[in-house]
Amino acid sequence: MTKSMRAWLASLTLLVGTVQAAETVVDDNYLANGGDGSNWPAYGRTSTEQRYSPLDQINAGNVNKLGIQWVTELANERSLIATPLAIDGVLYFTGSYSRTYAVDARSGKILWQFDPKTIEHAGDRLRIMWDINRGPAYYKGRVIISTVDGRLVALDAKTGKQLWEAMTVDPRKSYYVNGAPKVFRDKVIIGNGGTEHEAARGYVTAYDVETGKQAWRFYIVPGNPADGFENKAMEMAAKTWNGEWWKHGGGGNVWNGMTYDAEFNQLLIGTGNGSPWNQKLRSPGGGDNLFLCSIVAVDADTGEYKWHYQTNPGETWDFNANMDIVLADVQYGGKPIKALLQAPKNGFFYIINRANGELLSAEKFGKVTWAERIDLKTGRPVEIKGARYEDGEELVWPGPWGAHNWHAMSYNPDTGLVYIPAWDMPGLYNDKGFDPAKWQSPHFKVDPGVAFGGEDVPKDIGQARLLAWDPVKQKKVWSHDLPPVWNAGTMTTKGNLVFQGRADGEFVAYDATKGDKLWSMKLGVGISSAPITYSIDGKQYVSLLVGWGGGGTILGSLAAQHGWKYKMHPRRLYTFALDGKQPVPPSPPPAFAQPLDVPDFKIDAKLAEHGKDLFARSCLYCHGAGMVAGGEAPDLRESTIATDRNAFEAVVLKGAKLANGMPRFAELTTQDIEGLMHFIRLRARETK
Ligand code: CA
């Protein structure tokens, strides 16, 4: 290089240094390739959902110097499960009930907040939902959020002002929405959940990102043939159903797991389980029940069906395929393949050719007892007799919580490995006493069509792990046993690192290749969010929301053993950098419920039994299996409200705690109230 050239280059650098960095235009092109890594513009960083960053300033060699740069207190928050976005030095994320924040990533200062007033909108739907939200989407200066009560809301990224909102579900039904919307080609798409508590028919809807006007809708399962089919795909799907499935909804709800595949201009949809779970009730006589538990590819512009692969034909275990779908270029059979990778609940890891939906390989990544293997010729599982609980009660691995749930896995193209927050945990299935002729779909209650007694979940059931998996060789490369269940999603970087927050509140960095634990920090409460990384002015940061929540809190003692009690431990946004010097702010130690016995209370066994049934259908979702609360809501065994008839009625019948998210159950009878009070006293006495 000549001297003058060098001087010219230096002057250019100076010039760039003084000019305000240009605003990033987050469009399809940017979302597909993700730029230079300075931003984290989408849920999975790029539309590939890889959760991989090309930044390597923080790396396996220096991550031991990682420290806290700043901490933002989020005093009103409870469940923090979102993946934040980072665009041009601003972090965007959703907290409980989709309250939305923009935070200056340099200082941690909150720039704006938006409250979609979810509780006010939700009405009775508060009964079947948590407060969780997996995060926003960002597109061309707009932040788009979903709300648990079923809306999509577009906000101006600069001001947080609402631009439009669209209702995406029938508010008379107990559908909920908690997934991150996805954006592509000037559209934003969202699905919904509801299979456990409604005659739910799943679908996804795409809206115009500028106006909120509906662009297209794709139903996952067919409706009543008498009403006519929406398209040829539904006509085809209807041939795989029996009975009057539409009366029970059918299910297939897409509450997570949508990936825009720019290379084929298709949307890949991971579909849900049946409504109800039990196929004998849902589709008597069997059938594959398309498109339950499938990956369905539809045209991104029209929503027209292209191809599908079904992971669980005739599903009957809640083995949905709603887990994140990762796009990757892999060498397979000596050829480069544009593949998708998925580790759905059912315990098999799938590689599928996204050009045509062809299954390339599927192998067990955890303990699986419902199927021997997946037959690659037919693409169908070879099921094990008895697994469909056809002969009575059956213990099946995995259970309804899956071998992997919504906590996202990441894929590192440098190591070629995926990092899966996995666990082995069984489920006990039994449908004795369920009569297909009489069973009715629930409505704002939980009833999956199999026994759901609401017993406590033992502390030591199963084993959670962080699993580094080679998707091409289909084998484990390394793994770490983790504290019980519900550990958060992973993030991986060019710095040969994997980051993960854990249920016990520890945030850990591992060597991505070998799995060595290189750095960790205890952050004072269970972590349920995946971390992100980005850079500002050439300096790399890692940010993480720290706040326990998101479904796993239902798991009784299994969840409660960590001691993250309702409203006790602060919720925070942490940002880390090399040589960050801030201390971990104080947090109370883990705490456990102290069941309250009322010695002169005479428990009536019959009333308590009635209360147990009510509890399992209406209360357990938040207050925990076996009435052992995992942190989502108060533990009723120690509640003084539950010892005072007037106070209890004020909360349960009249909605005195509505603002906290406790729904009103105005229809409960005197017998119901007494039943609940007797069951609460029984559980308190039994567990004191
Ligand atoms: Ca489900």
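This is a predicted model: local features need pLDDT of at least 70, side-chain atom pairs count only at pLDDT 80 or more; totals for chains, interfaces and linings use all residues.

Colleague: Fine. Which residues coordinate the calcium ion, and at what distances?

Modeller: The calcium ion has Glu 196 (OE), Asn 273 (OD1) and Asp 318 (OD) as its coordinating residues, at 2.3 to 2.5 Å. Along the sequence, the spacing of these donor residues reads E-x76-N-x44-D.

Colleague: Where do Glu 196 and Asp 318 sit in the chain?

Modeller: Glu 196 is in the loop between strand 12 (187-190) and strand 13 (203-208), while Asp 318 is in the loop between strand 20 (305-310) and strand 21 (326-332), so that the pair, 122 residues apart, links distant parts of the chain.

Colleague: And are Glu 196 and Asp 318 buried or exposed?

Modeller: Glu 196 and Asp 318 are both buried.

Colleague: What does the side chain of Ser 275 contact?

Modeller: A polar atom of the Ser 275 side chain lies 3.0 Å from the backbone oxygen of Glu 198. Ser 275 belongs to strand 18 (residues 274-275), and its relative accessible area is 1%, so it counts as buried.

Colleague: How about Thr 311, what does its side chain reach?

Modeller: The side chain of Thr 311 reaches the backbone oxygen of Cys 293, at 2.7 Å. Thr 311 is placed in the loop between strand 20 and strand 21, and because its relative accessibility is 1%, Thr 311 counts as buried.

Colleague: Pockets next. How much space is in the largest pocket, and which residues lie nearest its centre?

Modeller: The largest pocket holds about 970 Å³ of space. Its lining has 43 residues, and those nearest the centre are Trp 277, Pro 400, Trp 401, Phe 452 and Leu 555.

Colleague: What is the lining of the largest pocket like by residue class?

Modeller: The lining of the largest pocket divides into 25 nonpolar, 11 polar and seven charged residues. Domain 1 (45-578) and domain 2 (605-687) each supply at least three residues of it.

Colleague: Then the second largest pocket: how much space is there, and which residues are closest to its centre?

Modeller: The second largest pocket has about 780 Å³ of space, and of the 39 residues that line it, His 623, Pro 634, Leu 636, Val 651 and Met 662 are the closest to its centre. Helix 7, helix 8 (645-652) and helix 9 (670-687) are the elements that give two or more residues to this lining, and helix 7 gives the most, with six residues.

Colleague: Where does the second largest pocket lie relative to domain 1 and domain 2?

Modeller: The second largest pocket lies between domain 1 (45-578) and domain 2 (605-687), because both domains give residues to its lining. By class, that lining has 24 nonpolar, six polar and nine charged residues.

Colleague: How many cavities of 30 Å³ or more does a search of the whole structure find?

Modeller: The search finds five cavities of 30 Å³ or more. The largest cavity holds about 130 Å³ of space, and of its 17 lining residues the closest to the centre are Ala 42, Tyr 43, Glu 49, Lys 182 and Val 183. This lining divides into 12 nonpolar, three polar and two charged residues.

Colleague: Last topic, the backbone. Which peptide bonds are cis?

Modeller: The bond from Leu 290 to Phe 291 is cis, with omega near 0°, and a cis peptide bond also joins Trp 397 and Pro 398, where omega is about -15°. Phe 291 lies in the loop between helix 5 (279-282) and strand 19 (294-299), and Pro 398 in the loop between strand 27 (394-396) and strand 28 (410-412).

Colleague: And what is the phi of Tyr 97 and of Ser 98?

Modeller: Tyr 97, although not a glycine, has a positive phi of about 50°, and Ser 98, also not a glycine, has a positive phi of about 60°. Tyr 97 is in the loop between strand 4 (90-94) and strand 5 (100-104), and at 8% relative accessibility Tyr 97 counts as buried. Ser 98 is in the loop between strand 4 and strand 5 as well, and Ser 98 is buried, with a relative accessible area of 0%.

How values were computed. Residues are numbered from 1 along each chain as its sequence is written. Side-chain values use heavy atoms; hydrogens and water are left out. On a 1 Å grid over the protein atoms alone, a cavity is a set of points where a 1.4 Å probe fits but cannot get out, and a pocket is an open set with protein on both sides within 12 Å along at least five of seven lines; lining residues have an atom within 4 Å of a point. Grid points are joined across faces, edges and corners, and a volume is the space filled by probe spheres set on the points. Ala, Val, Leu, Ile, Met, Phe, Trp, Tyr, Cys and Pro count as nonpolar, Asp, Glu, Lys and Arg as charged, and the others, Gly among them, as polar. Domain bounds come from an automatic or database domain assignment. Helices (H or I, at least four residues) and strands (E, at least two) are DSSP runs, numbered from the N terminus. Donors are N, O and S atoms within 2.8 Å of the metal (3.2 Å for Na, K and Ca); water is not among the atoms, so sites may look incomplete. Buried means under 20% relative accessible area, exposed over 50%, partly exposed in between (1.4 Å probe, protein chains only). A polar contact is a pair of N or O atoms within 3.5 Å; within protein, one must be able to donate a hydrogen and the other to accept it, and residues adjacent in sequence count only if both atoms are side-chain atoms.
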